[in-house]
Amino acid sequence: MKEIITIQVGQGGIYNYQLNSTQPLFIEIKQSYLYHINISNVDFLDEIFVLVLQVGNACWELFCLEHQIQSNGQVINQQVIEKDDKLRTFFSESDHQKLVPRSLLVDLEPTLIDQVKTGKFKEMFSLEQFVSGKEGTANNFGRGHYSYGKEYVDICLERIRKLADNCSSIQGFMMFNSVGGGTGSGLGTLLLEKLSVDYCKKSRLCINIHPSQETSVSMVEPYNSIFATQSQLEYTDVCITMDNQAIYDICKNKLNIETPKYSNLNRIIAQVISSITCSMRFDGGLFTDLTEFQTRLIPYPQLKFLICSYAPIISRQNIDNVQLSTDEISKLALDTANMMAKCDPRQMEYFSCSILFRGDNIPRDVSHSIYELKKQQTIRFVDWCPSGFQVGVDYRDIYTLPEEDLYNNQRSACAIANTTAMSQFFSNLCQKFDLMFAKRAFVDQFVKEGMEEAQFVEAREILANLQNDYQEACVGIFENDQEENTTL
């Protein structure tokens, strides 16, 4: 059995703030999105309700539902442990026959970790799986990476070592983090850097959440995102890229939620991660371990940033929904409206694409749907990789959480792709960075934490090169450059 250790950098819980109308408010919320809310002169509010359900916790809640595990770690059906050996990929078994997630939860703000300790799954985790500080990182990459966060790296590595020692054959690490905040971007990438040295032969997969204008409450998120992407380019093997704006639009347009909350966004992400890891947790044929993401989807080490989508996304309130066919779901899985990142692959080309079907899908219908996609030229592959299409089928039932807005369809499809459209994504990110850096806005706050202004210039150049790599790969220039460098 090859186990996977998950690392959740940035935590959250459920908060209910009661305020007088005359009280000023400063709330710092840490989660996988890592936001600050800074409100002064709140003379129009009597109450503010802040609901935050961290991405990683939403995943564990869904995993437990799928594997019939109670919130205290006890298995509803004991035969599940005896028959399902792949369950131990993400869970370890304690002396009391309790299943414990192979996970480390890290946050530099102690209050929010305490919320997890007293929450619904408080009995499932052990105290050694929590690492918290005494104060936050103020949404500053430098503070999380170079100054305050650096004090907690050794503690995190020691806890990770204990989790690794409890594995028979660890295959790698999966990290949930936001690249818009100080803890997720700064401390998260610092941990990845250390893991690349201590566990150099193990795979490192990151699930990144990028900020958006709709949910942004910090001006320096573009800085943090650029610095985090620079580090991940060097210290990760695979990066699955999502952004709040795309998921926010999905909740608003597909689920008819007028004002989506973070909990709505997180549950969509949890469904995607559940589909991606399904073959690792159950018997499956595609992506049974982390290394397959590299061998199947990443043609060159630099082009490691993947996008994903999920279908169908239908509101639970639409009770008149009919069950969609496999052909319909296949088309929806490649629809731009269902993409978890703001880019349009239809205007670009694919290096590789995998569609993971789940639920009541007949192999004949799956083959026909793929045939139709190729026939209609729904997606275009680069000339040097014309056969980059892969399909995985899992017949496990699909679960949704009781309070979830997503309609529980009998079948679903999750697409994971490597496409030149990522150049659009990085172009938008760099544009936001340039607007602020041209005025040197907030740069002094990063310099105070031990960074230099030259690092901003270097990070921007690296992102520009990455963007060019994706663009040039479309016409094969990048491939020729690789061959020339190898010859030299």
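## A walk from a cis proline

Pro312 has its place in the loop between strand E13 and helix H12 (326–333). The model is predicted. The peptide bond from Ala311 to Pro312 is cis, with omega near 0°. Most peptide bonds are trans.

Now step back into the sheet. Strand E13 covers residues 305–311. This strand pairs with strand E12 (residues 238–243) in the parallel sense, over 2 bridges. Phe305 of E13 is the bridge partner of Cys239.

Next come the charged pairs. There are 17 salt bridges in the count. One of them joins Glu349 to Arg380, with the closest N and O atoms 3.4 Å apart. This pair links distant parts of the chain, 31 residues apart. Glu349 is in the loop between H12 and E14, and Arg380 is in the loop between H13 and E15. Glu349 has a relative accessible area of 12%, so this residue is buried. Arg380, at 38%, is partly exposed.

A local example is Glu292 with Arg296, whose closest N and O atoms are 2.7 Å apart. Both residues are in helix H11 (residues 291–297). They are 4 residues apart, so about one helical turn separates them. Glu292 counts as buried because its relative accessibility is 12%. Arg296 is partly exposed, at 33%.

Arg440 takes part in two kinds of contact. The side chain of Arg440 meets that of Glu453 in a salt bridge (2.7 Å, N to O). Arg440 lies in the loop between H14 and H15, while Glu453 is in helix H16 (residues 453–473), so the pair ties together parts that are 13 residues apart in sequence. Arg440 is partly exposed at 39% relative accessibility. Glu453 is partly exposed too, at 38%. The charged end of Arg440 also sits over the ring of Phe437, 4.0 Å from its centre.

Ring pairs link Phe437 into a cluster with Phe141, Tyr146, Tyr223, Phe227, Phe433, Phe446 and Phe456. The structure holds 27 aromatic pairs. In one of them, the rings of Tyr148 and Tyr152 have centres 5.4 Å apart and planes at 70°, so the pair is edge-to-face. Tyr148 and Tyr152 are both buried.

Arg281 gives another charge over a ring. The charged end of Arg281 sits over the ring of Phe63, 4.0 Å from its centre. Salt bridges with shared partners also join Arg281, Glu66 and Arg358 into one network.

Most residues other than glycine have a negative phi. Which phi values do Gln68 and Phe442 have? Gln68 has a positive phi, near 60°, and Phe442 has a positive phi near 65°. Gln68 is in the loop between helix H1 (55–66) and helix H2 (79–83). Phe442 is in the loop between helix H14 (422–437) and helix H15 (443–447). Gln68 is partly exposed, at 32% relative accessibility. Phe442 is partly exposed at 36%.

Note on methods:
Residues are numbered from 1 along each chain as its sequence is written. This is a predicted model: local features need pLDDT of at least 70, side-chain atom pairs count only at pLDDT 80 or more; totals for chains, interfaces and linings use all residues. Side-chain values use heavy atoms; hydrogens and water are left out. Rings of Phe, Tyr and Trp (its six-membered ring) pair if their centres lie within 6.5 Å; planes under 30 degrees apart count as stacked, over 60 as edge-to-face and the rest as tilted. Buried means under 20% relative accessible area, exposed over 50%, partly exposed in between (1.4 Å probe, protein chains only). A charge sits over a ring if NZ of Lys or CZ of Arg is within 6 Å of the ring centre and within 35 degrees of the ring normal. Two strands pair if DSSP finds at least two bridges between them. A salt bridge is a side-chain nitrogen of Lys or Arg within 4 Å of a carboxyl oxygen of Asp or Glu.
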